[in-house]
Amino acid sequence: MRADLSIVLDACGGDNAPDEIIKGAYEALKKKENLRIIFAGPEDEIKAKVESYADMPTERVSYCNATEQIEMAEPPVKAIRHKKDSSIVKGLTLVKEGEADAFISAGSTGAILVGGQLIVGKLKGIKRAPLAPLVPTTKGVTLLIDCGANVDARPEHLVSFAQMGSIYMEHVLKKKNPTVGLLSIGTEEEKGNALVKDTLPLLKECKGINFIGPVEARDLPFGAADVIVTEAFAGNIALKTYEGTAKMLMGVLKDSLTENLRSKLGAAMALPSLKKHLRAFDASRYGGAPLLGLRGLVVKAHGSSTAVEIKNAILQCMVFSKEDINGKIAAELNSEEQ
């Protein structure tokens with residue numbers, strides 16, 4: 001790893017680009033002196049906004065001019081192949097060529113997943129690269145893997161997801177001997193679809209992971225396991241349901257606490273305690289979702305990411321690189337084949 005860590009930010013991706021992307025980068029640059037940021041996007045526009053920060057460390061900022069943007073609704077494969085001058089393609093190419101250590105984008109999930117695998121490429125021994133977001137729970141966080149990249153995964157793919165997820169949790173989140181659960185419709189081993197039933201014995205036999213058996217989606221908010229393994233279709237549904245439920249509950253809570261004078265007075269008294277406990281469920285604290293198993297680090301940030309989420313995604317990348325997660329994943333999975 002170079003003394004200076006270089007991270008490419010997609011300045012065009014997400015609902016709040018480019019302002020929140022730039023602000024997040026600014027906050028990370030002020031916090032970490034060994035960090036370099038490369039903004040991918042229309043250079044003149046981005047540079048003017050960057051230089052509006054009086055104390056921006058511009059000596060650690062550079063630009064990758066990109067004149068095209070991949071929209072959310074575009075077919076990912078077609079967009080990656082035809083929009084060569086897009087911020088996503090050019091940013092991923094910098095990682096592929098070793099000009100940057102990581103790429104972060106809040107843009108099109110499909111384009112990032114396709115581009116990550118086609119442009120950056122997978123590590124030797126990796127058949128599928130899963131998307132792995134951290135989900136807040138009552139016990140801290142759980143890594144939900146896969147949540148969008150592999151809807152047709154096979155049992156052996158889920159085993160590698162468990163191995164990669166365990167390495168990530170142990171070395172990035174410092175979770176010693178992380179527990180691994182398999183997402184199912186019940187904790188009984190006879191329940192589940194063919195994929196779950198075929199994967200279960202393989203996970204039991206897999207060395208190097210702390211497998212605890214099947215877990216249900218309803219136990220996800222309570223930290224049923226440190227790593228929960230699934231294929232992308234079920235994983236994405238679980239994640240979106242989780243996010244929607246949290247948003248709904250926050251809305252109901254807000255309405256209840258502001259309903260009348262009495263509830264407002266009660267809310268004022270309870271607010272410090274509420275903030276303390278609700279902060280634990282703030283997903284922005286954990287940055288983005290890495291696409292594990294690639295030859296370089298690619299992170300998908302939430303489409304509505306604010307500066308806080310972008311800053312934390314950058315800091316997340318720095319830990320990932322420092323701990324050489326890619327090297328550990330490659331060593332673990334290649335040793336299985338020997």
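What follows is a set of questions and answers on terms and values.

Guide: This is a predicted model: local features need pLDDT of at least 70, side-chain atom pairs count only at pLDDT 80 or more, and totals for chains, interfaces and linings use all residues. Residues are numbered from 1 along each chain as its sequence is written, and side-chain values use heavy atoms, with hydrogens and water left out.

Visitor: How do you know how many helices and strands the protein has?

Guide: The elements are DSSP runs, numbered from the N terminus: helices are H or I, at least four residues, and strands are E, at least two. On that basis the protein has eleven helices and eleven strands.

Visitor: Why is the protein called as compact as a globular protein of its length?

Guide: The radius of gyration is taken over C-alpha atoms, and the globule rule is 2.2 Å times the number of residues to the power 0.38. For 338 residues the rule gives 20 Å; the protein has 21 Å, which is close, so it is as compact as a globular protein of that length. Its C-alpha atoms fill a box of roughly 65 × 60 × 35 Å along the principal axes.

Visitor: What makes Gly-235 buried or exposed?

Guide: Buried means under 20% relative accessible area, exposed over 50%, and partly exposed in between, with a 1.4 Å probe and protein chains only. Gly-235 has a relative accessible area of 0%, so Gly-235 is buried. This glycine is in helix α8 (residues 232-257). Of the 338 residues in the protein, 50% are buried.

Visitor: Which residues are in contact with Gly-235, neighbours within four places in sequence aside?

Guide: Contact means heavy atoms within 4.5 Å. With those neighbours left aside, Gly-235 is in contact with Leu-144, Asp-146, Cys-147 and Thr-230.

Visitor: Why is Lys-191 put in its accessibility class?

Guide: Lys-191 has a relative accessible area of 36%, so the label is partly exposed. Lys-191 lies in the loop between β7 (179-184) and α7 (194-205). Beyond its neighbours within four places in sequence, Lys-191 has contacts with Ser-184, Ile-185, Gly-186, Val-196 and Lys-197.

Visitor: What about Asp-324: which class, and what phi?

Guide: Asp-324 has a relative accessible area of 44%, so Asp-324 is partly exposed. Its phi is near 50 degrees, a positive value in a residue other than glycine. Asp-324 sits in the loop between α10 and α11 (325-337). Asn-177, in the loop between α6 and β7, also has a positive phi, about 50 degrees.

Visitor: Why single out such values?

Guide: Most residues other than glycine have a negative phi, and most peptide bonds are trans.

Visitor: Which peptide bonds are cis, and how do you know?

Guide: Omega tells. The bond from Ala-17 to Pro-18 is cis, with omega near -5 degrees. Another cis bond joins Ile-145 and Asp-146, with omega about 20 degrees. Pro-18 is in the loop between β1 and α1. Asp-146 is in the loop between β6 (140-145) and α6 (155-171).

Visitor: How do you know what span to expect of helix α1?

Guide: The expected span is 1.5 Å times one less than the number of residues. Helix α1 (residues 19-31) has 13 residues, with 18 Å expected; it reaches 19 Å from its first C-alpha to its last, which is close. Its buried residues include Ile-21, Ile-22 and Leu-29. The buried residues of α1 pack against β1 (5-10), β2 (35-41), α2 (43-50), β3 (61-65) and α10 (307-322).
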